[in-house]
Amino acid sequence: MPEKTTKAGKTVAVIGAGIVGVSTAIWLQRDGHNVIIIDKAGPGEGTSHGNGGVLASCSIVPVTVPGLLAKAPRMLFDPNQPLFLKWSYLPKLAPWLIRYLGNANADAVQRRAAALHQIIGDSLADHQALSAGTDAEKWVVPSDYLFLYNDRAHYESDAFGWSVRKAHGFEWDLLEGEAFRTYDPAYGPALDCAARLKDHGRIADPGRYVKDLAAHAEANGARILIGEASDIVRENGRVSGVRVGGETVTCDAAVLATGVWSGPLAKKLGIDVPLESERGYHLELWEPNIMPRSPVMVASGKFVATPMDGRLRLAGIVEFGGLDAPPSRAPYALLKKNIEAAIPGIAWKETREWMGHRPSVADSIPVIGAVPGVEGAFLGFGHDHVGLTGGPKTGRLLAQLVSGRSPNMDLAPYSPTRFQ
């Protein structure tokens with residue numbers, strides 16, 4: 001049931017029409033507020049369109065695990081590893097990268113896992129609650145989620161990550177040999193071991209899902225404004241509007257949810273977040289002759305293969321190169337090579353490519369909360385690899401904050417002020 005608001009009828013500008021922004025807008029409407037959604041390209045056009053499509057509740061372990069510092073240089077020089085760097089970007093990247101790699105230790109991993117578990121640990125139910133009664137609900141598909149390994153020794157080499165998941169209550173079955181083949185005969189003999197987690201899900205078309213959610217918000221009275229927000233206007237310490245294309249859009253509160261593009265506006269509000277783009281790639285194989293049963297993470301290549309409407313989407317890769325450089329060719333070639341190794345004999349009719357920007361905060365924890373000293377300003381961004389997974393819960397939390405209610409969880413780990 002929609003929650004009742006204690007302060008009805010604010011006009012709230014939501015800046016950003018990805019999954020976080022659109023989720024926030026819908027929960028705000030259910031709380032009785034008037035909503036304006038502002039986005040430079042329109043709903044579901046950015047990272048929310050191109051993600052891996054898995055509702056990956058178990059993805060509480062960050063990229064920055066112990067040992068990364070030793071492995072990273074070697075990975076950068078190995079064309080078969082899913083880590084790329086545009087070297088000309090390194091001087092600009094360096095300050096953020098030093099802070100990021102400083103979190104590659106067990107304590108930081110545990111902090112991140114505890115924080116993310118609250119946001120993504122029940123993602124399937126969160127998406128079902130968000131999309132209920134909308135045209136978007138057809139895209140939400142309950143499913144297993146499998147991590148595929150070469151053999152048991154390969155799985156056991158990943159023991160640290162599994163110990164973190166176990167500590168947060170995740171359970172899984174280990175399928176080996178014939179048991180795995182029986183579960184899903186799509187894969188070749190090189191993959192002989194799978195950890196299967198139940199109660200996960202997938203979005204069968206992430207871009208259309210977000211568009212359908214936005215259309216529902218619009219049908220319920222939301223105004224969708226295409227344009228770039230350049231500032232959040234304040235009067236006497238409180239939000240009074242948003243500057244878009246030289247005009248001021250009047251509002252009582254503003255939520256900033258523009259992913260990796262959130263940094264400059266957050267800085268104008270006095271919050272300097274160490275935020276960087278982890279450039280991600282996807283390759284879509286349309287009308288494949290072999291379709292896997294469930295979304296999988298192929299551990300050797302660190303890529304996800306997700307069955308979608310009419311195609312198989314391969315997503316993964318981390319490339320550091322900023323917001324402006326064009327896509328590299330090597331990540332697409334690596335994804336193609338890896339899927340052909342995982343599913344021998346796979347063929348398809350058409351290939352589509354995409355590159356986008358994951359918003360990565362240096363400590364791998366999103367920024368969610370009110371801006372101190374600016375009444376009516378709220379932030380929600382920085383979900384790195386789990387933006388789709390965590391979007392609905394983040395939106396619900398932000399709507400509660402705008403409505404003046406205290407969420408029933410501790411928001412301190414996500415505090416916008418933690419870097420000051």
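Reader: How many helices and strands are there in the chain?

Author: Helices (H or I, at least four residues) and strands (E, at least two) are DSSP runs, numbered from the N terminus. In this chain there are 13 helices and 19 strands. The model is a predicted one, in which local features need pLDDT of at least 70, side-chain atom pairs count only at pLDDT 80 or more, and totals for chains, interfaces and linings use all residues. Residues are numbered from 1 along each chain as its sequence is written, and side-chain values use heavy atoms, with hydrogens and water left out.

Reader: What radius of gyration does the chain have?

Author: The radius is taken over C-alpha atoms, and the globule rule is 2.2 Å times the number of residues to the power 0.38. A compact globule of 420 residues would come near 22 Å, and the chain has 21 Å, which agrees. The C-alpha trace spans about 65 × 45 × 40 Å along its principal axes.

Reader: How many of the 420 residues count as buried, in percent?

Author: Buried means under 20% relative accessible area, exposed over 50%, and partly exposed in between (1.4 Å probe, protein chains only). Here 57% of the residues count as buried.

Reader: What share of the contacts in the chain joins residues 24 or more positions apart?

Author: A contact means heavy atoms within 4.5 Å. Among contacts with a separation of 6 or more, residues 24 or more positions apart account for 76%.

Reader: How is a pair of aromatic rings described?

Author: By the distance of the centres and the angle of the planes. Rings of Phe, Tyr and Trp (its six-membered ring) pair if their centres lie within 6.5 Å; planes under 30 degrees apart count as stacked, over 60 as edge-to-face and the rest as tilted. The count by this rule is 11 aromatic pairs. One of them joins Phe-147 and Trp-162, edge-to-face, at 5.1 Å centre to centre with 70 degrees between the planes. This pair links distant parts of the chain, 15 residues apart: Phe-147 lies in strand E5 (residues 140-149) and Trp-162 in helix H8 (residues 159-167).

Reader: Is Trp-162 buried or exposed?

Author: Trp-162 is buried, at a relative accessible area of 3%. Phe-147 is buried too, at 6%.

Reader: Which way do the rings of Tyr-149 and Tyr-155 pair?

Author: Their centres are 5.6 Å apart and their planes stand at 75 degrees, so the pair is edge-to-face. Tyr-149 is buried with a relative accessible area of 1%, and Tyr-155 is buried with 13%.

Reader: Which residues do ring pairs link into a cluster?

Author: The cluster holds Tyr-145, Phe-147, Tyr-149, Tyr-155, Trp-162 and Trp-172.
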